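Thanks for coming. I will go through one model today, moving from loops to helices and then to rings. Please have a look at it before I start.

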Amino acid sequence: MENKQIDLRIHHFFDIIRAFGKESIITPHLHQHSFHKIAKLIKVDSNLKIKIVIRCDSVCEGCIYYKNGCCKDKVDHRKDFVFKEKFNNHIDKRIMEKCFINKEEVLTPVKLCQKGKLYLDNIDFIYSGNDLWHTEQRKKDVIKGLKYYSKLHNFSL
């Protein structure tokens, strides 16, 4: 398989792993972003090169809220953020700090999954301010997703 490189926000990576854990059928979204396409790439290619970014990424391509290189969507689940891009930057920086990932670092899905324990150990800090039930459910689904992906590609976590 061709070994291409994508740009990805770290929270998008863990959202994809979470979707695998939920056993979701990942299909095109109403907002027309590329989440389903990127999830498929990650699912089939454990050696995919992923450049970690703190900006709109390959998932954002095609989205109705993606304008002039920025996300214009709004956050509706918190009062301390209005725009999703600022919230996403906040979450991405927290994940990167706790998982020891540098901006623009290129990693494979396997390497990112192996950082999953750090992500899970710090999930309450990363998502502090979010609904606690939702964060706990996210944690359960990411655990399932990491197990699924590691079994699918035969590697240890």
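When I say that residues touch or are in contact, I mean heavy atoms within 4.5 Å. Two remarks on the source: this is a predicted model, in which local features need pLDDT of at least 70, side-chain atom pairs count only at pLDDT 80 or more, and totals for chains, interfaces and linings use all residues. Residues are numbered from 1 along each chain as its sequence is written, and side-chain values use heavy atoms, with hydrogens and water left out.

Let me start with Q32. Not counting residues up to four places away in sequence, Q32 touches E61, G62, C63 and I64. Its place is the loop between α1 and α2; helices here are DSSP runs of H or I with at least four residues, strands are runs of E with at least two, and both are numbered from the N terminus. Q32 and K111 are 79 residues apart along the chain, and 28 Å separates their C-alpha atoms.

Next is Y65, in the loop between β2 (49-52) and β3 (66-67).

Now two backbone points. Most residues other than glycine have a negative phi. N68 is not a glycine, yet has a positive phi of about 50°. N68 sits in the loop between β3 and β4 (70-71) and is exposed, with a relative accessible area of 79%. F100 also has a positive phi, near 55°. F100 is in the loop between α3 (84-99) and β5 (106-107), and at 61% relative accessibility F100 counts as exposed.

On to the helices. How do the axes of α1 and α2 cross? Helix α1 (residues 10-21) and helix α2 (residues 35-44) have axes that come within 10 Å and cross at roughly 75°. That makes α1 roughly perpendicular to α2, a label for angles of 65 to 115 degrees; under 35 is roughly parallel, over 145 roughly antiparallel, and the rest oblique. The axes are lines fitted to C-alpha atoms, for helices over the stretch in contact, with angles from 0 to 180 degrees between N-to-C directions. From α1, the contact uses H12, F13, D15, I16, A19 and F20; from α2, it uses F35, I38, A39, I42 and K43.

Last, the rings. There are seven aromatic pairs in the structure. Rings of Phe, Tyr and Trp (its six-membered ring) pair if their centres lie within 6.5 Å; planes under 30 degrees apart are stacked, over 60 edge-to-face, and the rest tilted. F20 and Y149 are stacked, because their ring centres are 6.1 Å apart and their planes are at 5°. F20 lies in helix α1 and Y149 in helix α7 (residues 132-152), so the pair ties together parts that are 129 residues apart in sequence. F20 counts as buried at 8% relative accessibility, and Y149 is buried at 0%. Ring pairs also link F13, F14, Y119 and Y127 into a cluster.

Conventions. Buried < 20%, exposed > 50% of the residue type's maximum accessible area, 1.4 Å probe, protein only.
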